[in-house]
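Here are my notes for you to go through with the model open beside them. Take the points one at a time and find each spot as you read.

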Amino acid sequence: MSQDSHCDTKKTCKKVYITTPIYYVNDIAHIGHAYTTILADTVARYSNLIGLDTFFLTGTDEHGQKIEEAAALRGKDTQSYADEISGKFSTLWDDFDITNNKFIRTTDEDHILSVQKAFSKMYDNGDIYKGSYKGNYCVSCETFFTDTQLGDDVYCPECGKETKVVEEESYFFKLSKYEKQILAWYEEKEDCILPRNKKQEMISFVKQGLNDLSITRTSFSWGVKLPESLNDDKHVIYVWLDALMNYLSALGFGADEKDMAYWENSVHIIGKDILKFHAIYWPAFLLSLGYPLPKHIATHGWWTRNGEKMSKSKGNVVNPRDVADAYGLDNFRYFLLREVPFGQDGDFSQKALIGRINGDLSNGLGNLLNRVIGMSQKYFNFEISSCNAVKYHKDELKRSYDIIDNLEQYVYNMQFGRYLEDIWKVINIANNAITEHEPWTKMKENKPEEAMATVALCANILARVAILLSPVMPKVSAGIAQALNFEISPQTYIKHIKNETLLDTFNIKPTEPLFPKVEDILIPEKVKEEAPLSKEDLAGLITIDDFFKSTIAIGTVKEAKAVESSEKLLLLQVDIGENKSRQIVAGIRKFYSPEDLVNTQVCVVSNLKPAKIMGIESNGMILCAKQRKKLILIRPDKETRAGSKIG
Ligand code: ME8
């Protein structure tokens, strides 16, 4: 994107499409989600300011096993649960004045139709075929891992949670077919992935060779069904195909395509955890659909807490609403963008936040504003003219423009830290001019023209700063503009930033203090009451009542046989006393043969909801100890009556 992209009417404007990831509805938003959204909002606001025709999209990702499980855990119907959490995201963004043009949900009817149309198109052009898949699946990441990726372990290399072996019929996408085209794209488009150093990781990954991608699931049903033409309703579409398609369906893919022109200049802002999906899978899907690839995939780092990843089980989650309420939304936005260089991880500390507010904002910018208001009142009854600013302050004006002219590149490289750092250099030019030229001395020496010139220089610098800061701190910037009696708009951007026009004679208006210092009000690090607790949160912290929700009993295995077509599963009929039995599918075939089990005793969780495993109903679970990848049955140490409760 270049600086000459301004235009007079929306119709002829260059278009830009800014997106955030769509957030899972298995939990409410935390500071990491707020960071991505605020970054994207800043780019969108900036794009609007410089006159680009901007489409900004955010939304929620609502399908998949993870969401189904989260709803079940809370005893809620999946759709109502998704509605509730999606609503919380949407309300939070409204309360945060996020300027998205659309909030998409993957459960929206038109999105579902788009996904099905995309699937049909890929199928018709020969990029999808049917096969079967066996692998280690991480429900949390909705991703398969090979044995090599797991090593001698069962835990997900991405999130550390336990993977499950899943074996099922699946449709596959020919990812391998697009290897060369993806590598060529990385090479041709230098800044397709930002920061640029992130690209190397993707190149290495693709060069290792891409396996075809399993893009349907049969083990759960909460997802988009296959297109009717395939007449195969066992399958739902893989959440990542469903989710990534949001970027096109929001523009009308497969329907009216009415906003598709925005696609030509698309910027995806994402966290580093989901780069692979955006920089490998998504381009391959787009190539298959015949669409141009994204302009930029901008990848930010993680916010941590005292060096650790935030998670509710650790009790170190920072709720963005609490921070904004305690310290002010604009201050919070400034801190997020200023504190950490784009692409790097950052530790969220309230001490650092307070330091930025009291230092950069209050002492730096706030002080300049107060001095301009104070001197204009004291010496000039609030009426200032810029007519002598150039005469006395040519050098300061030139230095400030040299910095300002260079700022736009930082925005589209997401380097807001440097963008803000440079704005503060401009603020310092003004603050230093006051110290150096001492308008109060000039007044004493009866040189009001010179004193007025210095105040006008500072007011003009403040005006430019307010315009340039408005995408980051919209409310505070509007307050500065109001004090200087002008409005921030694409027109004033052109006038004062592009054309370098000075303010005319103007009346300064005193304002309420815009940058009060903040006390050390540390907000509690806690899980808000409204936050639904996840399974992981509860791990290790259950009550005795929670424990007794499971009925665990001694069972005697009456029959055992292998499940055909599975190397891991056995089908057991287990007597659990009182003339009751349970059919259980257990993944222990590698460690026990059916003969080892018949007429032996095991421990059974007997009140689990029925589940289908490889299409066979399972009504319980057998308890095992896990030693690395090995499973060892837990059994009573002497024969015990079937049905005896454990606890
Ligand atoms: O991955 N620090 O959704 P998600 C910084 N639905 N950013 C963070 C963060 C942290 N600690 N935690 C989360 C998904 N994020 C998929 C995306 S897109 C087609 C589908 C941010 O709810 C970061 O941007 O897990 C990350 O990529 C996003 O939240 C993922 O949110």
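1. Start with the ligand: one of its oxygen atoms is 3.1 Å from an N or O atom in the side chain of aspartate 273. A polar side-chain atom of aspartate 61 lies 2.7 Å from a ligand nitrogen, and a backbone N or O atom of tryptophan 303 is 2.9 Å from a nitrogen of the ligand. The cut-off for a polar contact is a pair of N or O atoms within 3.5 Å; within protein, one must be able to donate a hydrogen and the other to accept it, and residues adjacent in sequence count only if both atoms are side-chain atoms. On its own the ligand has 670 Å² of accessible area (Shrake-Rupley method, 1.4 Å probe), and the protein covers 94% of that.

2. A word on what you're looking at: this is a predicted model, where local features need pLDDT of at least 70 and side-chain atom pairs count only at pLDDT 80 or more, while totals for chains, interfaces and linings use all residues. Residues are numbered from 1 along each chain as its sequence is written, and side-chain values use heavy atoms, with hydrogens and water left out.

3. Who surrounds the ligand? There are 23 residues around it, with Ile22, Thr36, Asp61, Trp302 and Trp303 the closest (a residue is near if one of its heavy atoms lies within 4 Å). This shell splits into twelve nonpolar, nine polar and two charged residues (Ala, Val, Leu, Ile, Met, Phe, Trp, Tyr, Cys and Pro are nonpolar, Asp, Glu, Lys and Arg charged, the others, Gly among them, polar).

4. Strand β1 gives the largest share of the shell, four residues. Among the elements that each supply at least two are α1 (31–49) and β11 (266–271). Helices (H or I, at least four residues) and strands (E, at least two) are DSSP runs, numbered from the N terminus.

5. Now try a helix pair: α14 (residues 389–404) and α18 (residues 448–469) pack at about 20°, axes 9 Å apart. Axes are lines fitted to C-alpha atoms, for helices over the stretch in contact, and angles run from 0 to 180 degrees between N-to-C directions. So α14 and α18 are roughly parallel (under 35 degrees; over 145 is roughly antiparallel, 65 to 115 roughly perpendicular, the rest oblique).

6. Most residues other than glycine have a negative phi, and most peptide bonds are trans. Yet the bond from leucine 194 to proline 195 is cis, with omega near -10°, and asparagine 446 has a positive phi, near 60°.
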